[in-house]
Amino acid sequence: MAASASKPLSPEQEAELDDVFARARAALAVIETYDQARVDRLIRAVAWAVANRSAFHRLVEMGIEESGLGDFGSRMNKRMKIRGVLRDALRSPSVGVIEEDIEKGLVKYGKPVGVIGCVVPTTNPDLTPAGNAIYAIKARDVVVFSPHPRSRRTTLETVRLMREALEAEGAPADILQCITLPSLTASQEIMRRSDLVIATGGQGLVRAAYSSGTPAYGVGAGNATEFVDETADLRETARNCMLSKTSDFGSGCSADGNVIVPAARYRDMLDALQAEGGYLATADQRAALQAVMWDADGHRLPDTVAVSPQALAAAAGFEIPEASRFIVVEGDGIGEDRQFCKEKLTTLMAVHAYEGGFEDGVELAKRLYDIGGKGHSCGIASTDDAHIDYFARHMPVSRIMVRQPNSKANAGSFTNGMPMTSSMGCGTWGGNITSENVSLRHYLNTTWVSRIIAEDRPSDEELFGEFYDAALESADAMAAP
């Protein structure tokens, strides 16, 4: 997504957008009258329409065939994420009083934000619309989806199923709409006309969202890295790395791209990764892989994104066993000219050794994030709470998973407390407005109601402590020359 699009809207696109937004505003006038029970029933209906095994199986097959990206088994597992989003949405109020602080005399009321423009990535043409729809309907919003041209049919079908579920419940189908003539220009126009933008995609897309003039939630670039200390269980860590790296052929921004390990445990870590199905590339094979993954200027080439390790090796001119689940390369340093420390978005990870103590390793990890992925996420394999605390205090990321597979944990799982989502903010580190997982509260406006409480005014002595000087507050001090 470029920051500005040069190709103007066609007359057909202009007419479609005019129609879509007119219908969206009409649907908004209806859904904003619904009570909590009504929207809770609707999100159950919409979620089931997509997340049942039969429907999602068909959508996953369609998405992979249409885009040429992704792994069927991993994609199928993503329907559990829809269940997680539904769980979180059902557990939180969104209509009327949503929060109350009696001590402070404050009550918050939930209100819709209006029409949301959602830009759908080609890697999640079914999951992202479903997650967006659940949170939006729960907040009494309406959504206009802009599908990626490479997976347009899959997103259209996903939205069609959810529209049918709305109609079956007597609600306007136009609560959810998807344009049929997508383009960069059309996405930008959706952003401009909406009340809120939720942009899931690359940095160009996020920049376009923030420059649209509409409030927006975007996500930064990922470069998920697993940090290993001397207390880590290497077998457990290698398995978590494998689970993270192989999910949907490493297409997610949370898929482990790097492992940083103490030099004394480096060879043992390589062995553990190989025991989990990693193929350790030779130096010559690493050079061949770099040539097919990045161009001479260091730009990631698209043909090797989200492919199997066998296809990746074949593109680089060599073969690996069919049983191999991912490729491992030995890191050749951290720097702008060192491509393997950057985001891979495929079934390959790099292992980097650090010399010295734990703190030296953290400094190396910080240098890696200066190259790419700052603000997104990392993991730590450690049983030392002091190390985990130090890591959390120093790493410039929005989320740290402790002894978990990053790509299966960052966006929420049934075994951690992270909010379920398909969009993860990266804070100002990643050029985003939030460092949180984008979830229900980000789809809501709130009205604060404040009542009078007993005076809560500390004395100056309490407020200023040792700096307070009563003499400077006296009338005589004010009159002094």
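A: Arg403 is found in the loop that runs between strand E14 (397-402) and helix H16. The model is a predicted one. Although Arg403 is not a glycine, its phi is positive, at about 50°. Its relative accessibility is 36%, so Arg403 counts as partly exposed.

Arg140 can be set beside it. This residue belongs to the loop between H6 and strand E4 (142-146). Phi of Arg140 is also a positive value in a residue other than glycine, near 65°. Arg140 has a relative accessibility of 7% and counts as buried, because the limit for a buried residue is under 20%.

Other arginines take part in contacts with aromatic rings. The charged end of Arg38 sits over the ring of Tyr34, at 4.7 Å from the ring centre. In the case of Arg300, the charged end sits over the ring of Trp294, and the distance to the centre is 5.7 Å.

Arg193 and Glu189 are four residues apart in helix H8, which is about one turn of the helix. Glu189 is buried, at 13% relative accessibility, and Arg193 is buried as well, at 19%. These contacts belong to a network of salt bridges that links Glu14, Asp18, Glu189, Arg192 and Arg193.

A lysine provides a further example: Lys374 and Asp370 meet through their side chains in a salt bridge with an N to O distance of 2.7 Å. Lys374 is partly exposed, having a relative accessible area of 27%.

The aromatic rings form another set of contacts. Two numbers describe a pair of aromatic rings: the distance of the centres and the angle of the planes. Seven aromatic pairs are found in a search of the whole structure. In the pair of Tyr135 and Tyr443, the ring centres are 5.6 Å apart and the planes stand at 45°, so this pair is tilted. It links distant parts of the chain, 308 residues apart: Tyr135 is in helix H6 (residues 127-138), and Tyr443 is in the loop between helix H16 (406-409) and strand E15 (444-450). Tyr135 is buried, at 2% relative accessibility. Tyr443 is buried too, with a relative accessible area of 1%.

Phe227 and Phe358 make an edge-to-face aromatic pair, with 5.6 Å from centre to centre and 85° between the planes. Phe227 is in strand E8 (residues 225-228) and Phe358 is in helix H14 (residues 358-371), so the pair ties together parts that lie 131 residues apart in sequence. Phe227 and Phe358 are both buried. Ring pairs also place these two residues in a cluster with Tyr354, Tyr390 and Phe391.

Notes:
Residues are numbered from 1 along each chain as its sequence is written. This is a predicted model: local features need pLDDT of at least 70, side-chain atom pairs count only at pLDDT 80 or more; totals for chains, interfaces and linings use all residues. Side-chain values use heavy atoms; hydrogens and water are left out. Buried means under 20% relative accessible area, exposed over 50%, partly exposed in between (1.4 Å probe, protein chains only). Helices (H or I, at least four residues) and strands (E, at least two) are DSSP runs, numbered from the N terminus. A salt bridge is a side-chain nitrogen of Lys or Arg within 4 Å of a carboxyl oxygen of Asp or Glu. Rings of Phe, Tyr and Trp (its six-membered ring) pair if their centres lie within 6.5 Å; planes under 30 degrees apart count as stacked, over 60 as edge-to-face and the rest as tilted. A charge sits over a ring if NZ of Lys or CZ of Arg is within 6 Å of the ring centre and within 35 degrees of the ring normal.
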